[in-house]
2 protein chains.
Amino acid sequence: MFNKNKTDYELDLKGTNNLRGLAIDMIHEAGSGHPGICLGAAGIVYTLFKRHMNIDLDNLNYINRDRFIFSAGHGVPLFYSVLYMLDLLTLDDLKSLRKINSKTPGHPEYKRTPLVEMSTGPLGQGVGTSVGVSLASMFLNQKTNGLIDYYTYVLCGDGELEEGVTYEALSLAGNLKLNKLIVLYDSNNVTLDNELKASSCEDIKKRFESINFNVIESNNDPKSIDEAIEVAKNSHLPSIIIFKTIIGEYSKNAGKNIVHGKPLEEDDILSIKEQLDLHKTPFTISQDVKDDFYETVLERSREISKEWDKKINKLGDRTLIDKIINEENTFDLVNLDIDYENKSLRDLSGVILNQVANNFDLLIGGSADLSSSCKTNLVNEEIFSKDNYSGRNIYFGIREHAMGSILNGLALVGLRPFGSTFLTFSDYVRPSIRMSALMNLPVLYIFTHDSITVGEDGPTHHAIEQLYSLELIPNLKVYRPFDLNELIGCYKEIFSSKDPCVLVLPRDNKEISNKTKATGVNEGVYVLIENETDNYVSLISHGEELGLVLKVSSNLRELGIDTKVYSIPCKKNMKKEVLEKIRSEKTIGITLGVSDYFYRMTDNVIGINEFSLSGSKNELLEHFGFTEQKLESKILEYLNKE
Amino acid sequence: MFNKNKTDYELDLKGTNNLRGLAIDMIHEAGSGHPGICLGAAGIVYTLFKRHMNIDLDNLNYINRDRFIFSAGHGVPLFYSVLYMLDLLTLDDLKSLRKINSKTPGHPEYKRTPLVEMSTGPLGQGVGTSVGVSLASMFLNQKTNGLIDYYTYVLCGDGELEEGVTYEALSLAGNLKLNKLIVLYDSNNVTLDNELKASSCEDIKKRFESINFNVIESNNDPKSIDEAIEVAKNSHLPSIIIFKTIIGEYSKNAGKNIVHGKPLEEDDILSIKEQLDLHKTPFTISQDVKDDFYETVLERSREISKEWDKKINKLGDRTLIDKIINEENTFDLVNLDIDYENKSLRDLSGVILNQVANNFDLLIGGSADLSSSCKTNLVNEEIFSKDNYSGRNIYFGIREHAMGSILNGLALVGLRPFGSTFLTFSDYVRPSIRMSALMNLPVLYIFTHDSITVGEDGPTHHAIEQLYSLELIPNLKVYRPFDLNELIGCYKEIFSSKDPCVLVLPRDNKEISNKTKATGVNEGVYVLIENETDNYVSLISHGEELGLVLKVSSNLRELGIDTKVYSIPCKKNMKKEVLEKIRSEKTIGITLGVSDYFYRMTDNVIGINEFSLSGSKNELLEHFGFTEQKLESKILEYLNKE
């Protein structure tokens with residue numbers, strides 16, 4: 001029960017201190033962890049949850065809940081402690097911090113713990129994704145007649161504001177005036193290695209003003225924290241609150257970098273508890289604090305629930321919101337109408353993407369300033385901007401990394417996001433692609449200009465190793481179709497599943513084969529040309545180069561050499577038995593990228609294992625031996641050696 | 001000869017226009033390219049080279065030359081035109097723009113064209129690297145008694161200032177007060193897809209003031225450009241000059257994004273030439289302009305050369321500067337003195353790195369805020385800071401991407417740079433690692449915490465796919481030693497070569513085997529345990545897991561099963577014959593990462609092909625089957641199936 005004998009302020013102070021105590025006990029029990037932030041930022045987390053977070057304790061998936069993203073994920077014991085105070089975790093859970101398969105892993109993990117909105121750990125990802133989560137709220141607000149209006153809070157530290165991805169994403173947030181995004185900046189002037197000043201002397205206030213943020217300054221006192229958040233909630237711009245905190249506050253090493261990343265010594269813990277008037281027995285918190293916290297949140301929770309029921313009942317068309325609530329975010333690709341004459345594969349991809357968009361209102365996306373090259377503009381849709389939050393075309397700017405992290409945010413809220421750039425620049429997006437894969441989010445990356453056939457732009461623009469390096473990421477489905485038929489198959493797979501996906505496309509290829517099949521994509525591989533005898537050589541290939549392989553196959557037949565041709569539009573979909581079957585054949589792999597891609601299936605790969613050159617497509621194909629004549633010679637050479 | 005009949009100002013205007021004409025002719029002839037920036041930024045490039053760049057036309061490698069980095073590399077025809085006016089390229093070269101093996105590729109390519117300081121193309125890399133080039137000048141200034149004092153100019157556009165890497169790198173430049181760094185910002189308010197405002201509304205002046213830059217504003221007039229550069233050169237802070245330009249100026253599409261990336265139509269070219277009073281015949285420029293430009297630069301060049309001779313003759317100790325000039329940047333690792341008791345491999349790496357540093361004055365480096373974890377602090381050296389430019393420990397901050405691009409800059413000037421972070425965060429550095437590899441620069445990346453054995457920090461911190469994805473990058477040598485002996489071998493190889501390298505280390509492993517060999521690293525592979533009979537199974541492994549493999553090998557022998565054990569500390573050093581020999585044996589690969597790593601050598605790999613979990617090292621090894629018992633069972637199972 002709410003304790004009427006204490007003032008709110010005293011309870012907040014006490015509650016914050018109890019949170020500190022729990023967190024350092026957890027870290028001590030675990031034998032590893034990060035006490036510095038837990039002691040420093042306890043007040044921010046405590047006050048946010050007690051006084052502001054709109055959540056529904058009876059329905060944790062409440063779709064309009066405020067989102068809290070713990071971007072500085074190493075401080076997560078603080079958050080677990082809050083969950084304990086809300087009866088969403090048990091004391092045993094707290095004691096299992098960092099143990100395998102517990103609900104309390106070392107960094108927040110999506111779907112493992114209640115109210116953990118996303119996995120964090122790699123600095124900056126949480127901040128980037130919070131922009132996507134906030135962007136989704138603005139979009140859904142428009143699409144639901146104002147029903148969706150949650151806030152997105154993200155907690156980050158000094159280190160994260162050094163990461164390029166946070167700068168990219170927040171600059172976009174400023175441009176889009178995402179005013180329900182609130183960055184809670186735990187400003188303690190210390191990083192792991194040193195004081196912040198060793199690496200940075202930024203005027204943070206000025207920096208954020210320059211990117212169109214509302215900047216609020218606060219100390220670490222519950223009242224000040226509360227007021228600062230209140231101001232931020234009423235801002236017409238996205239806000240950052242600079243909370244001046246002390247890393248490891250109350251520890252003997254307070255204010256020093258050494259308090260960042262390992263458990264405190266026992267005497268230090270005892271001294272802290274004494275200073276804060278906490279129980280000496282580990283994991284013991286004051287019941288009045290817990291009751292007060294729980295009751296306060298519960299009361300708000302019940303009101304929210306009632307309000308929501310009222311509001312949603314007033315809503316005319318519930319279709320979209322129900323789709324989001326029920327996670328019905330797949331789409332059946334049928335009734336395509338494609339005029340394919342003289343169109344490149346990326347053009348055709350644009351046509352299909354647009355037909356999907358016309359019938360699938362959860363689809364939203366954009367490009368890192370290459371929508372015109374990657375053909376990912378949705379022609380019947382408007383631009384998402386500060387003046388039009390219902391647009392479905394997002395202009396990310398030349399911010400590939402932020403694009404990835406923002407797509408993750410859109411997917412977390414239940415949309416089906418896509419983003420595009422050139423394949424070679426997928427390297428810039430990679431840390432966020434890994435997060436898509438780790439959280440298994442239905443994000444679609446469309447990477448065009450997939451190899452040396454880009455031509456004159458040269459080696460920096462020619463993807464050699466990217467295809468395979470993406471393939472190596474667990475969970476991620478990488479599709480690379482040869483022509484329209486396979487492309488349709490890829491899109492069917494992509495939108496009927498909820499997998500994180502990459503679609504890789506060439507710049508120019510316009511070929512359409514009468515032998516390719518959309519249905520071949522499902523298994524990842526299929527036979528394009530069957531062998532006619534028992535004495536044959538198998539050619540495995542994919543993407544644009546399959547056109548060349550088909551020609552060479554036909555030439556070889558004229559020379560009396562029987563061939564079988566496999567198309568492999570999605571290696572990860574291949575079953576082990578098929579891989580082994582192909583390996584048991586006399587097989588040659590042909591790829592316009594690193595040979596490694598096909599080594600699991602054959603030792604004989606004709607690939608490109610060096611950086612490319614600037615030159616025309618044909619000059620380059622000639623240079624690297626990908627002409628009919630040269631490829632044929634290489635195959636014959638191999639057959640003669642056998 | 002210098003034309004005395006024209007005023008300087010008129011000649012500058014005319015020269016700028018002639019540059020415009022050449023550039024659009026080149027793009028027209030090539031059939032592809034980017035005229036927008038060439039028309040807009042011609043004045044900046046022209047004025048910089050005519051009036052400011054200190055280069056020595058008789059010695060293009062002059063070590064104290066001012067560096068000009070064309071970060072917005074797609075505008076390179078402008079630069080090639082300047083080189084033509086300096087007789088460093090021919091008209092034929094200009095006409096070969098974007099043709100294979102020409103001196104004039106589509107984007108600047110390091111070592112292909114005179115005075116091209118680095119390859120650019122992926123936006124932001126040039127800016128990041130310019131910070132490294134400038135940092136090197138401050139460092140060498142201290143080490144050469146003021147002899148080295150070149151300026152670093154970097155030309156970039158709107159798009160690049162959206163990239164996280166430029167923000168990261170320039171923020172560091174501000175903190176370090178690299179006042180000889182001058183950013184020439186071609187501010188035309190247009191990006192490829194749209195007007196800049198679709199993706200950004202940054203107050204650039206404020207943004208750069210917030211990161212400790214001197215901000216100068218200029219229009220596009222030769223006089224204003226000249227004065228702005230002059231102001232920048234005298235600044236005590238790094239400078240950015242915001243040049244207000246018009247993309248595709250004088251074209252019928254001036255100011256629009258469509259003028260960015262394809263050749264202009266013929267009538268447009270003719271109209272531009274008419275407006276600018278240029279020869280209609282392609283590739284024809286005014287002789288007076290060429291003469292004036294050439295003579296002006298030559299005059300400065302001769303003075304510079306004379307001055308330099310004077311200065312260097314006054315310098316007492318020429319050792320360091322001669323090393324740099326003669327590119328003697330390798331180091332023989334001998335006379336190591338290592339107390340290896342109870343030290344983890346990363347500790348031992350720190351010991352060796354420090355011994356190298358003590359004897360190799362070109363070594364300089366740092367960490368993305370993990371020097372204490374990666375053990376890359378140079379204990380006898382000071383911190384590089386605005387107050388001490390002779391420090392050899394660089395605090396990059398949590399700016400992994402910038403770190404990579406800055407290391408490239410340090411290497412370009414002739415130093416031997418290293419940088420460190422955790423292996424899983426190598427994803428953040430990847431675009432810059434690719435540039436190290438593409439330019440074949442002697443950069444060393446030290447990535448520790450190399451697999452699931454990191455433990456409790458969980459899946460975001462556990463590298464599963466990174467080792468192999470790095471291995472896929474052409475030119476890049478990836479070393480992963482098992483113990484001290486192999487580590488020594490790795491360091492010997494790294495510092496005796498000039499290859500871009502990655503050294504991958506575990507967090508904890510302290511084992512030292514009496515069977516490992518430093519000399520095994522050279523070939524990339526060697527036999528750790530020889531088979532005793534002809535009926536044996538080969539186990540291939542690497543890194544920390546080799547310890548487990550050795551134990552299992554010994555257990556299997558007790559069971560009467562003969563094994564041969566290969567250690568593979570550097571896959572890329574392996575010869576094809578060896579790969580094939582291993583494949584011809586009955587072989588099992590064992591790796592704490594994606595199985596793909598060993599597929600070239602065997603179909604049977606025991607690896608980890610999913611994201612990891614938060615848990616203790618032992619919990620995780622148990623979970624993934626990397627205990628003696630479990631590994632033994634798996635091997636026996638495989639042998640029984642055979």
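Author: This is a predicted model, in which local features need pLDDT of at least 70 and side-chain atom pairs count only at pLDDT 80 or more, while totals for chains, interfaces and linings use all residues. Residues are numbered from 1 along each chain as its sequence is written, and chains are lettered from A and ligands numbered from 1 in the order in which they are written.

Reader: Is B:Asp87 buried or exposed?

Author: B:Asp87 lies in the loop between helix H3 (77–85) and helix H4 (91–95) of chain B; helices (H or I, at least four residues) and strands (E, at least two) are DSSP runs, numbered from the N terminus. A residue is buried if 20 or more other C-beta atoms, placed from the backbone, lie within 10 Å of its own, exposed if 12 or fewer, and partly exposed in between. Because B:Asp87 has 11 C-beta neighbours inside 10 Å, this residue counts as exposed.

Reader: What is the phi of A:Lys177 near?

Author: Most residues other than glycine have a negative phi. A:Lys177, found in the loop between helix H7 (164–175) and strand S3 (181–187) of chain A, has a positive value instead. The phi of A:Lys177 is near 50°.

Reader: Which element gives the most to the side of chain A that touches chain B?

Author: Two residues are in contact if their C-beta atoms, placed from the backbone, lie within 7 Å, and 88 residues of chain A are in contact with 88 residues of chain B. Elements that each supply at least two residues to this side of chain A include H7, helix H16 (426–439) and helix H21 (617–623). With 8 residues, the element that gives the most is H7(A).

Reader: Which residues have the most contacts inside the largest nonpolar core?

Author: A nonpolar core is a set of buried Ala, Val, Leu, Ile, Met, Phe, Trp, Tyr and Cys residues joined through C-beta atoms within 7 Å. The largest one has 406 residues. Not counting residues up to four places away in sequence, A:Val45 touches A:Leu19, A:Leu78, A:Phe79, A:Val82 and A:Leu155. Those with the most contacts inside the core are A:Val45 and B:Val45.

Reader: How many of the residues of H18(A) are buried?

Author: The end C-alpha atoms of helix H18 (residues 484–496) of chain A are 18 Å apart, which agrees with the 18 Å that its 13 residues should span at 1.5 Å a residue; the expected span is 1.5 Å times one less than the number of residues. The buried residues of H18(A) pack against elements including helix H13 (345–359) and strand S9 (444–448) of chain A. H18(A) is mostly covered, and the number buried, of its 13 residues, is 12.

Reader: Which element gives the most to the side of domain 1 of chain A that touches domain 2 of chain A?

Author: Chain A is divided into domain 1 (8–305), domain 2 (345–504) and domain 3 (523–641), with bounds from an automatic or database domain assignment. The contact takes 26 residues from domain 1 of chain A and 25 residues from domain 2 of chain A. With 14 residues on the domain 1 side, the element that gives the most is H5(A).
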